[in-house]
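This report sets out the geometry of a two-chain model. The sequence and the coordinates come first.

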There are 2 protein chains.
Amino acid sequence: MREILATLAVVDDPAMLEAGELGLGEQAFQRLGLPEGAGVEIAQARPPASLESVRRKIDGEALSDSELAAIIEDIAAYRYSHMELAAFVVACAGFMTTQETLALTRAMVDVGNRLTWDAPLVVDKHCIGGIPGNRTSMIVVPIMAAHGLLCPKTSSRAITSPSGTADTMEVLAHVDIAEDRLTEIVAAEKAVLAWGGRMRLSPADDVLISVERPLRIDTMEQMVASIISKKVAAGSTHLVLDIPVGPTAKVRSQSDAVRLRKLFEYVARHMGLELKVVFTDGSQPVGRGVGPVLEARDVMAVLNNEPDAPEDLRERAVMLAGHMLDFDPAIPGGKGYARALELLASGAALAAMERLIDAQGRKMERLAPGHLKHDIKAARAGRITAIDCERIARIARQAGAPMDKGAGVDLLVKAGAEVRSGEAMYRIHASTQTGLDFACDLANEDTGYRIA
Amino acid sequence: MREILATLAVVDDPAMLEAGELGLGEQAFQRLGLPEGAGVEIAQARPPASLESVRRKIDGEALSDSELAAIIEDIAAYRYSHMELAAFVVACAGFMTTQETLALTRAMVDVGNRLTWDAPLVVDKHCIGGIPGNRTSMIVVPIMAAHGLLCPKTSSRAITSPSGTADTMEVLAHVDIAEDRLTEIVAAEKAVLAWGGRMRLSPADDVLISVERPLRIDTMEQMVASIISKKVAAGSTHLVLDIPVGPTAKVRSQSDAVRLRKLFEYVARHMGLELKVVFTDGSQPVGRGVGPVLEARDVMAVLNNEPDAPEDLRERAVMLAGHMLDFDPAIPGGKGYARALELLASGAALAAMERLIDAQGRKMERLAPGHLKHDIKAARAGRITAIDCERIARIARQAGAPMDKGAGVDLLVKAGAEVRSGEAMYRIHASTQTGLDFACDLANEDTGYRIA
């Protein structure tokens, strides 16, 4: 029996619906999967029983494994309204025990698909986010492919950032790939850079994200459950996790970083995932571009070994790739970094990326940065001491990223540089005047650049 | 400039909308207040700035008076989505300081209308709810009217209960009364029993309730802010507050009751409202009927001095009315109770109620309890020791109350009574089979009656 939960809206226009007819939005129609004109039965929706547990959570209680499993099952089946999802997410943001976090992770894996790969080692990397422009995956994955370590990377779209790996990769190639085709690509290329949304990997996570994104909620516990559940469901056995630490990053102190690392380690261990956590510099954005098109430009510059490619992006990607290669028993201890560097410098990584782009379906239209632009200038001369990651991300989002691929921020100078008064520090790109205006308002309020 | 926040849905059927046209639901059209065919401008909604404060609240911080004022202003202007409202409500449910509660209350009064009355004493009573069938207001208000103390009672509809005073009064008379007419009625009758929804008294509270109701969230702090803001906005100067205490009531222990009383007293004092808190028995529902029609029947039985009128409802109403009359300087100290009893027994209260019903507009259609019914029987013989208020309320709501006026639960025996095995304990009424089935399922799972 097919079922769908819907909110009733009454129409009195026979041009829309005749008496006795029901209409659905296109997405809902697709989800229900019945042809137009099909007979249906309707009944008042029975509130999901698991909502009682959500109420207990709001009241400050810890939930049992089975309560969380029931909640996640209902969420994955789209039985929660957005209001109810927000209630669950915010209640969990209040507090969540380690045991609850593990139970949530397990429940999230259990309600979805699980990919399996015919290889002893399936490596992956992930960054917890919060650092605009940190698009290392698109450099790391080709390095793995060039080395021959299985790295079938499925990424999400941006949650709270101006672009996710899937959003940026989509500038170059198709990322919405059917499971069969994905398997073929991985068999041939050892890697893929696909959007994970269609795979039903931890599908409850996707539903939760639909509420976390607009509310911009991103707690440690939800982050751990989201990331680990997606990796386990995607069939990864070994994961390098990048946790940037900085004053405007998601993690702002060493003690928070350690607490988060331990939570990741606890959950990963109980889920059977080998984990290497790397703390990285989160004091400013990585690379120059922030937003899908601008980031894709930086990534290709690094893979092309262009002399003016962003050095910080290149260095970070090679370091992470090195840790992943260190998982390979065939690599001598500590030699992963050198191997990664070699694969990048030789052009092997670029060649692998070009093969991946072709395999996934190369985008023929060459997207450009948004044609509307505005430069944000230094109010006074001095040395840039820091760049606010959150502020730059918000400006890029207001400009229209990630939906508007060309929208974003292009950082012309980075921390450490000297600027003259009136010198352009960064350029905002947008495709709509509203987007540009919103972004400029935000930048004029506070540029995000700290000048000493 | 008129503005409305709306979610965009795209239609491709010219029978609905032509290119370049926008449609709105009827309610939204009314709120916008522009004629059909009017030219409008659209822009991407700028997220309300106060959402940043909501995020700080989710992160566990206390908010300043001005932050809460900004949130409440945005909420009253319908700038928050349901998801954002849920986030605010659940974050506040996590914790809220006394100062935040006071600031919230003041902000809620400030964004709305304030009624003023030409009298030194404007009395009111309120119950915090949670006890099904506790419809004392509809007895107390006529007693005040008969005595001549100004008691312009505006009530809300049910939040988490099967019926609010407005829902029950609506069985007998119109309760949706324009402000001008309300003033006339109060001038003539000294009282009114109206729905407060149209008055824009603490309008943010109504918006919050639209989320609290489906989520069934009812914390102490939100309760205090909601009740005190409504009373102050309605122009009350003196309030008797009924806090039922019992194992299945909203307040379950004496210590919680005292904590709640102190919070009420603190906020009331700072808002200039004279407050008398009364703790009452919350160990079982009051009266017999639960649901609008069934409760209206009980109220009229008490006012009519019928010999089999529910004694507990009568006793409680007289006690509360006594406390209110004690506010009257003309009444000798401690004589309020006797005066209340006299006004009820003499029929003066009934006559006042009949005048109120006529003034508000008598309902000509005589509503009956739902025609579908099912008796819930005792599984074994014994003495009823307690009745679960929450369970009975949920059963009545599942049956369809308060939207379905005739739906609800009719308690045939109460705590203290002896039952035989198989004897009917209560009758569920509903107008739809779905409602009856939902309610019976819940009752069969746990009747709510404790038999020793």
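The model is predicted, so local features need pLDDT of at least 70 and side-chain atom pairs count only at pLDDT 80 or more, while totals for chains, interfaces and linings use all residues. Residues are numbered from 1 along each chain as its sequence is written, and chains are lettered from A and ligands numbered from 1 in the order in which they are written.

**Overall fold of chain A**

Chain A contains 17 helices and twelve strands; helices (H or I, at least four residues) and strands (E, at least two) are DSSP runs, numbered from the N terminus. The C-alpha trace spans about 70 × 55 × 45 Å along the principal axes of chain A. For 452 residues a compact globule would have a radius of gyration near 22 Å, and the 23 Å of chain A agrees with this. The radius is taken over C-alpha atoms, and the globule rule is 2.2 Å times the number of residues to the power 0.38. Of the 452 residues of chain A, 52% count as buried. A residue is buried if 20 or more other C-beta atoms lie within 10 Å of its own, exposed if 12 or fewer, and partly exposed in between, with C-beta atoms placed from the backbone. Among contacts in chain A between residues at least 6 apart in sequence, 79% join residues at least 24 apart; a contact requires C-beta atoms, placed from the backbone, within 7 Å.

**Interface**

At the interface, 25 residues of chain A are in contact with 25 residues of chain B. On the chain A side, α2 (51–58), α4 (82–94), α9 (203–215) and α17 (433–445) each supply at least two residues, and α4(A) gives the largest share, nine residues. By class, this side of chain A has 16 nonpolar, five polar and four charged residues. Ala, Val, Leu, Ile, Met, Phe, Trp, Tyr, Cys and Pro count as nonpolar, Asp, Glu, Lys and Arg as charged, and the others, Gly among them, as polar.

**Helix packing**

Two helix pairs are tabulated here. Axes are lines fitted to C-alpha atoms, for helices over the stretch in contact, and angles run from 0 to 180 degrees between N-to-C directions.

| Helix pair | Angle | Axis separation |
|---|---|---|
| α2(B) and α4(B) | about 40° | 9 Å |
| α6(A) and α12(A) | about 35° | 9 Å |

The crossing of α2(B) with α4(B) is left-handed, whereas α6(A) passes α12(A) in a right-handed crossing. A crossing is left-handed if the near helix is turned anticlockwise from the far one by less than a right angle, and right-handed if clockwise. In chain B, Leu51(B), Val54(B), Lys57(B) and Ile58(B) of α2(B) meet Glu84(B), Ala87(B), Phe88(B), Ala91(B) and Cys92(B) of α4(B); these residues divide into seven nonpolar, no polar and two charged. In chain A, Met138(A), Ile139(A) and Pro142(A) of α6(A) touch Val299(A), Val302(A) and Leu303(A) of α12(A), a contact of six nonpolar, no polar and no charged residues.

**Strands and sheets**

An open sheet in chain B has four strands in the order β6-β9-β11-β7, with antiparallel pairing; two strands pair if DSSP finds at least two bridges between them. β6 (289–290) and β7 (372–377) of chain B stand at the edges with a single partner strand each, so one side of each has no neighbour in the sheet. Six bridges join β7(B) to β11(B), and Lys373(B) stands opposite His429(B). Helix α16 (residues 389–399) of chain B lies across β6, β9 and β11 of chain B, at about 135° to β9(B).

Strand β1(B) is largely enclosed by the rest of the structure, because five of its five residues are buried. Val123(B), Lys125(B) and Cys127(B) lie on one side, and Asp124(B) and His126(B) on the other. Five bridges join β1(B) in parallel to β4(B), where Leu241(B) is the bridge partner of His126(B).

In chain A, five of the five residues of β3(A) are buried. β2(A) and β3(A) pair in the parallel sense over five bridges, among them that of Lys153(A) with Leu193(A).

**A loop residue**

Leu150(B) lies in the loop between α6 and β2 of chain B. Leu150(B) is buried, with 22 other C-beta atoms within 10 Å, and touches residues including Trp117(B), Leu121(B) and Val186(B).

Terms used
Contact = placed C-beta atoms within 7 Å. Lists of a residue's contacts leave out its neighbours within four places in sequence.
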